[in-house]
Amino acid sequence: MEVVLEPVVSELVKGLLKILGSNEVRDFARQLVGGVDSEIKELENKLKIVENLLRNAENWQLVDKRVKEWLDNLQHWAYDAEDLLDEFAYEALRHKRKAEHQASSSRGFSCLPASFSSPSFAVQMGSKIKKINSRLEELRQQRSAEHEFQKPSELPATNVAAPPKPEETSSVPLGQVYGRNEDEVELLKMVKSGANFQPSFQLIAVVGVGGIGKTTIAREVYNHKELEDIKFDKKAWVCVSTTFDVLTISKKLLQQFSSSVPDNLNDVQVQLKEAVSGKKFLIVLDDIWKVEYIEWEKLKSPFAAGALGSTMIVTTRHTDVAQTIRCSHTYQLKLLSDEACKSLFQEHAFGTGAAANADQISISIYDRVVKRCKGLPLAAKTLGCLLHSKPSNAWEEILESKIWSAFDESDHILPTLKLSYHYLPSNLKRCFGYCAIFPQDYEFEEKELALLWIAEGIVQPSNKQLDEAGEWFHKLCSRSLFQPSSSDSSKYVMHDCVHELAQWVLKESVLDLSKILLSCQKILKRFVILLINLMTTLKKINLKLWKKQNV
């Protein structure tokens, strides 16, 4: 299934129209020679035509590759146009501020760079705008020549208001667990069988697809009351994720046994060996993506000193990992039953603030919910969050969305997550897609991400831009796209599947190094504009003070 590009392009087009409509840009364009003003007006008119085309394009890109390709090309054009118009708007504002200063003082702004509003600048800018005009016209004609977009009756509009990781995990229980009693019993038997395992500790691997609940079942076993009889002397939980680094993992383990942790591997492992020597331990290494056998041998070496009955549990998506580390037991976690999926879905779909009541939902709708979730707990939770704010009469329309039929079984990203993304307002789509820059398992603070959105221009400059960014942040949290970190209450993380979704959304733009470098240039330009504004204001204040003193 292809990425839904329309909302991203739509937001870019809105931003371009906003720049073109500003007084500074219009006034500056009129002053330049070389036909810049007419090119600006032509660009604005064409953008308005394209904006109308976009209203219909989003629904048909799901099933028509030609629409997807057209939107993809339009997105690349929009980024190029944004860079050019940012440059033009910067020069327009700089020119305006310099003119205001020169009108209030006989002295020039000595610190300002030389003016770009020369004939050569006008000719160069006019030529550049003409080129992007031509490219846009080619795109418009290409789409018109194919056919008019069909009327989308199957999908609801995406510009409606939204309702109010791999992740870093911990051993702390998060809530009720559904449909895992049998799995729990089997894993507990395996742990208890460690008393007969020689010569070293036993190793249990829990294997399953992302979002199936490997971390959840490991957490249930880790905290189970039945294991109190075994009396583990040492317990530890570490989230490994995509990078298997022996020193990092060893230090995280030692931190749970000792308050003093050295920096080099030898000292860390010596202390680990001393900490577990003759002791019975239970260790969980959660979410291992890949590991080399030699590296695993290094990691496990201190734990050979543990007492009989010691156990290490690893969770992974890949059976290759379990084979590489030569597990004593490999437990393949199965999909949730339909009843368990339904119960988990109901927990998140109903309750305080829900737009629908459970007694309003028919059995057939529940059947379709279960079908969509495909036995994945994360899917049930995400779909429940999505429908929590939707009235019951909208549920059927959402469940019949084309997103489901266009899903490719080889795609690793849950269609439920794609549906949640599809129903985000366009501004939140850009915010979420930007999070693809974060590495897997990265923990971030609200303000950190808000400032990045502002610097990137996703949140438009205003007196309340930080508040607005914070509001958008919490809307993404309400959709379970961001989750509070279990290790630091001030930070947030993305689940494995959610992180994959973010990369899927903007892999061709946000993750492009050239785009990141261009973003840095834009941030620098905006800083210069702010500096110019500040200096102009200070000059005006000084001039007023001087006039008062000389009256």
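Student: Two strands count as paired when DSSP finds at least two bridges between them. With that in mind, which residue of β8 stands opposite Q483?

Tutor: In this predicted model, the residue of β8 that stands opposite Q483 is V493. The two strands concerned are β7 and β8, the latter covering residues 491-493, and two bridges join them in the antiparallel sense.

Student: And what is the order of the three strands in that open sheet?

Tutor: The order is β6-β8-β7, with antiparallel pairing. The edge strands, each of which pairs on one side only, are β6 at 444-445 and β7 at 483-484.

Student: Let's move to β4. Is it mostly covered or mostly open?

Tutor: Strand β4, residues 311-316, is mostly covered, since six of its six residues are buried, which here means under 20% relative accessible area.

Student: Which of its residues point which way?

Tutor: T311, I313 and T315 point one way from β4, while M312, V314 and T316 point the other way, and all of them are buried.

Student: How many bridges are there between β1 and β4, and in which sense do they pair?

Tutor: Strand β1, made up of residues 202-207, pairs with β4 in the parallel sense over six bridges, and within that pairing I204 has I313 as its bridge partner. Strand β3, residues 281-288, also pairs with β4 in the parallel sense, over five bridges, and there L285 stands opposite V314.

Student: What holds strands like these together in general?

Tutor: Strands of a sheet pair through backbone hydrogen bonds, in either a parallel or an antiparallel arrangement.

Student: What kind of unit do β3, α10 and β4 make?

Tutor: They make a right-handed β-α-β unit, in which the helix α10 spans residues 293-300.

Student: Staying with β3, what is the phi of D287?

Tutor: D287, which lies in strand β3, has a phi near 65°, a positive value in a residue other than glycine. Most residues other than glycine have a negative phi.

Student: Why does D287 count as buried?

Tutor: D287 is classed as buried because its relative accessible area is 6%, and the cut-off for that class is under 20%.

Student: What about D441, what is its phi and where does it sit?

Tutor: D441 has a positive phi of about 70° although it is not a glycine, and its place is in the loop between α18, residues 426-434, and β6. Its relative accessibility is 12%, so D441 counts as buried.

Student: Last one, how much space lies in the largest cavity, and which residues line the cavity?

Tutor: The largest cavity holds about 30 Å³ of space, and its lining is formed by R26, A29, R30, D37, I40 and K41. The elements giving two or more residues to that lining are α2, at 23-31, and α3, at 36-60.

Note on methods. Residues numbered from 1 in each chain as written. Predicted model: local features only at pLDDT ≥ 70, side-chain atom pairs only at ≥ 80, totals over all residues. Heavy atoms only, no water. Buried < 20%, exposed > 50% of the residue type's maximum accessible area, 1.4 Å probe, protein only. Helix = DSSP H or I, 4+ residues; strand = E, 2+ residues; numbered from the N terminus. Right-handed = clockwise from strand over helix to strand, strands pointing away. 1 Å grid on protein atoms, 1.4 Å probe; cavity = no way out; pocket = protein on both sides within 12 Å on 5 of 7 lines; lining within 4 Å. Points joined across faces, edges and corners; volume = space filled by probe spheres on them.
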